[in-house]
Amino acid sequence: MATGSDRFMNIVRSFSMSLTGRRERLTPKECRLLACGPRDVTEALKQTFQAETDMASATLSTLNMSILQGLIAGVSRLSVMTNDAFILIFYMDDEDCFQTISAFRERIIEMKGEDVPLLIVGYNRTTSAPRIMGPETADCLVTIEWGLNYKEASVGRPEDLKEVLKEMFNIIGAKQSLKSALDRRMTST
């Protein structure tokens, strides 16, 4: 019986093979994930990734908000071109953070196309500031208007970050399956 880690590795390997067209053993950089957002959250996500996954065929890099806000054109181009899948995180009480992530999302889609594996995460931190939007509004904006997957996570709930990673790997698997089906259809016609 396959474990969650085995399933993840199979998804990553399949996704990487579809990107590279190769069937041989994959190197660690075959599936490159990029988490963008507030430094504390991206670093916690990276620690969760390292603790919860077998990193034989995947890497997770981080890009914090100060870099995104200051150098979005140059850094974002290089970051987008060198990564395969993206997790974009914003604080639920920070409008500037949301706008920066929204602009980076547009840049990713412009450069990689609509089919890039992308997950938007609203992060609830413990502050007295009100949320910039309710959970239903955020979910509708991301899933209906943008056509992307959305998750929420909260400070003090490490299981939320595990769920974020699980959702990202599900997105990668779904995109890979769709690409494989389209490839089969193209070769059979």
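Residues are numbered from 1 along each chain as its sequence is written, and side-chain values use heavy atoms, with hydrogens and water left out. Because the model is predicted, local features need pLDDT of at least 70 and side-chain atom pairs count only at pLDDT 80 or more, whereas totals for chains, interfaces and linings use all residues.

We can start with the overall layout. The chain holds 7 helices and 5 strands, taken as DSSP runs (helices H or I, at least four residues; strands E, at least two) and numbered from the N terminus. Read from that end, the order of elements is α-β-α-β-α-α-β-α-β-α-β-α. Of its 189 residues, 44% are buried, where buried means under 20% relative accessible area, exposed over 50%, and partly exposed in between (1.4 Å probe, protein chains only). The chain exposes about 9,900 Å², with carbon and sulfur atoms supplying 51% of this area; the areas come from the Shrake-Rupley method with a 1.4 Å probe.

An open sheet of 5 strands has the order 2-1-3-4-5, with parallel pairing; two strands pair if DSSP finds at least two bridges between them. Strand 2 (58–64) and strand 5 (149–154) are the edge strands, each pairing on one side only. From one strand to the next, the twist averages 20°. Strand 4 and strand 5 run parallel and are joined by 6 bridges; Tyr123 has Ala153 of strand 5 as its bridge partner. Helix 2 (residues 39–52) lies across strands 1, 2, 3 and 4, at about 170° to strand 2. Helix 5 also packs on the sheet, touching strand 1, strand 2, strand 3 and strand 4, and its direction makes about 165° with that of strand 3. For these angles, axes are lines fitted to C-alpha atoms, for helices over the stretch in contact, and values run from 0 to 180 degrees between N-to-C directions.

The largest nonpolar core has 27 residues, and Leu88, Phe104, Leu118 and Ile120 have the most contacts inside it. Such a core is a set of buried Ala, Val, Leu, Ile, Met, Phe, Trp, Tyr and Cys residues joined through side-chain atoms within 4.5 Å. Helix 5 gives the most to this core, with 7 residues. Leaving aside residues up to four places away in sequence, Leu88 touches several residues, including Cys36, Ile101, Phe104, Ile108 and Val121. A second, separate core of 23 residues includes Leu45, Leu60, Ile89 and Leu165.

Finally, the charged pairs. The whole structure has 8 salt bridges, each a side-chain nitrogen of Lys or Arg within 4 Å of a carboxyl oxygen of Asp or Glu. One of them joins Lys162 and Glu52 (3.6 Å, N to O). Lys162 lies in helix 7 (residues 158–188) and Glu52 in helix 2, so this pair ties together parts that are 110 residues apart in sequence. Lys162 is partly exposed, at 41% relative accessible area, and Glu52 is partly exposed at 43%. Another salt bridge links Arg131 to Glu152, with the closest N and O atoms 2.8 Å apart. Here Arg131 sits in the loop between strand 4 and helix 6, and Glu152 in strand 5, 21 residues apart.

Key
Contact means heavy atoms within 4.5 Å.
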